[in-house]
Amino acid sequence: MLARGLYRLELGLDRLFGAEANPSRQLGALAMWSFWLSVASGAYAYIGFETSAEGAWRSVHALQEHPVEGIVRSLHRYASFALIALTLLHLAVEWIKGRYRDFRWFSWVTGIVPLPLAVACGMVGYWLIADTRSQYVAAGIGEWIGALPGVGAGLMRNFITDEAISDRLLSLIIFLHIGLSLLLLLSVWVHLARLVRPRTWPARRTAAAFGAALLVLCVLSPALSTARADFARVPDPVPIDWLIYGVLPLVQVTTPLFTWAAVVAAVLVLGTLPWMPERRPAVLSAIVDPQNCNGCRRCFDDCPYGAIAMAPHPRRRNRQIAVVAADQCAACGICVGACPSSSPFRSVSELVTGIDLPQRPLDAIRERLAGALAKAGARGARPIVVIGCDHGARVEELAPVPVESVVALSLPCSAALPPAFAEFAQRAGAAHVLVADCGPDACAYRFGAAFTRERLQGLREPHLRAVARADVSCIAAPAGAEDDLLSMIAKLQGQPSEASHA
Amino acid sequence: MHRLARWSLQAVLYAAFAAAVGVFSGWPPYRQLGPEQALLRLSLLHPGAPLHDCRQRSPEELAKLPAHMRVAQDCPRERSPVHVRVTLDDRPVIDETFAPSGLARDGAAAAYRRLVIPAGTHRIGVGVNDDARHAEVFRTADQTLQIAPGQVVLIDFDPRRGGVLIR
């Protein structure tokens, strides 16, 4: 239900922004963009910052009075907020889509770590401005952390009197702020470690529009310091940066230890989600057949998760064989589509390919396709073959389409289809082959849609032969885009040879 | 959709995100105290007196020790916990004992308590005992203060500055 709503929203935003510039499809990359905006603006603001108890508030106040530096200072604050907001959104979207189980556990768990680091970095950053917010944050953190066994209430003494705030303390806080930023960057690097060619930059248009929106915010509503910290008075009311130090009111409303328990419980629940029981068939990783693997490395090159390694072939000298790391395998089948042994024209009774998915073997797909086309041919029909993706529009439930006019086949990913299958379908009587992928920017397995199109256009191996390309089309049909798919099918049925070709 | 309409709608969505960033990075504000309230903070970091007196080692005991460790006196490192009593208008609000830090219990005792109190004139009494061998002896301070709303009253303990400090 939630997922369906999300897919509809993403589809709507695809139509509005264009799939390649849709911000909701690049939340992680936008979070990284916010990080870099925050780093750049922070580095610039630091030039004018006085690292002293006396000068900190004055220098920040001077920054905000300057027309340009005030914007830079505001950008530092707002980009930091955006970083946390986008990280939370990224986590929420991946959770709703169920992308946290099986091989994704590593990315999920390591994706949680940057969040507390970003929050801690932001909290420490607030100490530096030495205003009443800073006073509230420092005292709040002191009360919260000071309640931990082993830390002690002594920590709090650094933040409750004017004389306790020293130049050395400010220097220490600067180091902490920069150190936590570096740790945050390191945690993102670990988060991306299992991804091949991770997307860390948003599309240029998206980055420009996002940056411009933050700049406009900085101009219209610049971030301003409040009054200088005064430890003889309680800063009240205090503006709360809810994503950065929004936890501190909870410390005061409840108790520090209760807040710790709540935070730790939340992190534990998030961190253990991949192992929560769920009624779902287990994902079986791809298997390699040594007889049919010729060591061509195409599956190795195309695997989006780096789950395939090449090793010496056990039986053939000077040859290699693909080896699948089961715990990293997504069972997307992109490797099956990349394998040159996956040709349906091979004259073997059982099509055994170099690498295959045990739960959906290629031989069964060939049989099913051939059988459906033979049945349609017996009725004198020349159906359209629609190849879909399990994560995209549901091609096998296209109710309004007459059954005899369409042969629909859903695969784990559109790229699991070896391109030669399109020609195979045409020769077996298909009027047209329509590949409904999720679109290059919405692929559940990152590169599946892009690889499918490249293979069908002859830009990537294994490629579809040029003679077969005329009657093959591609359509971006992510989840929820069944209507688009139906329109395309109707269009193809009306004008079979003038469809938008791959 | 017309290109201009698409761009306008895109701008609206980006503006909505930016507005959310701007708004929630400071709103709604949080009020820690009511309009007629003030804050009483107890914060001290103080090493209590040694818990046990030094004693002279006997010649037999000294002989058992390695040559480089033959110190005539045995002075246990453990310190006394610090007992703090705070009264507000003669009503006890804090009466706690804070243990010394460290695995050997030889560090300073640290205490932090935060109490919201009504603003106005109050008599604050503080007693600190830092020597468990003389548990009945308290160093005390007693002050009547006119406390404004939002004011912070800090209770500290520093023997070099006269013992109990109320400020």
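This is a predicted model: local features need pLDDT of at least 70, side-chain atom pairs count only at pLDDT 80 or more; totals for chains, interfaces and linings use all residues.
A:Arg297 sits in the loop between β1 (287–288) and α13 (298–302) of chain A. A:Ala309 is 12 residues from A:Arg297 in sequence, and the two C-alpha atoms are 8.7 Å apart in space.

As for confidence, the predictor puts the complex at an ipTM of 0.89 and a pTM of 0.90. Chain B comes out with an average pLDDT of 94, and 99% of the residues score at least 70.

Now for the packing. In soluble globular proteins, nonpolar side chains tend to end up buried together. In this model the largest nonpolar core has 92 residues, and the ones with the most contacts inside it are A:Tyr78, A:Ala82, A:Val137, A:Leu214 and B:Ala111. Helix α4 (residues 67–96) of chain A is the top contributor to this core, giving 11 residues. Leaving aside residues up to four places away in sequence, A:Val137 touches A:Met123, A:Tyr126, A:Trp127, A:Tyr245 and A:Leu248. There is also a second, separate core of 78 residues, which includes A:Ala286, A:Leu369, A:Val406 and A:Ala477.

The two chains meet in a contact that draws 37 residues from chain A and 31 residues from chain B. On the chain B side, the elements giving two or more residues are α1 (3–24), β1 (37–46), β6 (109–118) and β9 (152–158) of chain B. Of these, α1(B) supplies the largest share, at 10 residues. By residue type, the side of chain B that touches chain A splits into 18 nonpolar, nine polar and four charged.

Chain B also carries an open sheet of four strands, running in the order β5-β4-β7-β8 with antiparallel pairing. Its edges are β5 (91–98) and β8 (139–147) of chain B, each of which pairs on one side only. On average, neighbouring strands of this sheet are turned by 15 degrees against each other, if direction is ignored. Strands of a sheet pair through backbone hydrogen bonds, parallel or antiparallel. Strand β4 (residues 82–88) of chain B and strand β7 (residues 120–129) of chain B go the antiparallel way, over six bridges. Looking at individual residues, B:Val84 is found opposite B:Val128 in β7(B).

Notes. Residues are numbered from 1 along each chain as its sequence is written. Chains are lettered from A and ligands numbered from 1 in the order in which they are written. Two residues are in contact if their C-beta atoms, placed from the backbone, lie within 7 Å. Ala, Val, Leu, Ile, Met, Phe, Trp, Tyr, Cys and Pro count as nonpolar, Asp, Glu, Lys and Arg as charged, and the others, Gly among them, as polar. Two strands pair if DSSP finds at least two bridges between them. Axes are lines fitted to C-alpha atoms, for helices over the stretch in contact, and angles run from 0 to 180 degrees between N-to-C directions. A nonpolar core is a set of buried Ala, Val, Leu, Ile, Met, Phe, Trp, Tyr and Cys residues joined through C-beta atoms within 7 Å. A residue is buried if 20 or more other C-beta atoms lie within 10 Å of its own, exposed if 12 or fewer, and partly exposed in between; C-beta atoms are placed from the backbone. pLDDT is the predictor's confidence in each residue, from 0 to 100.
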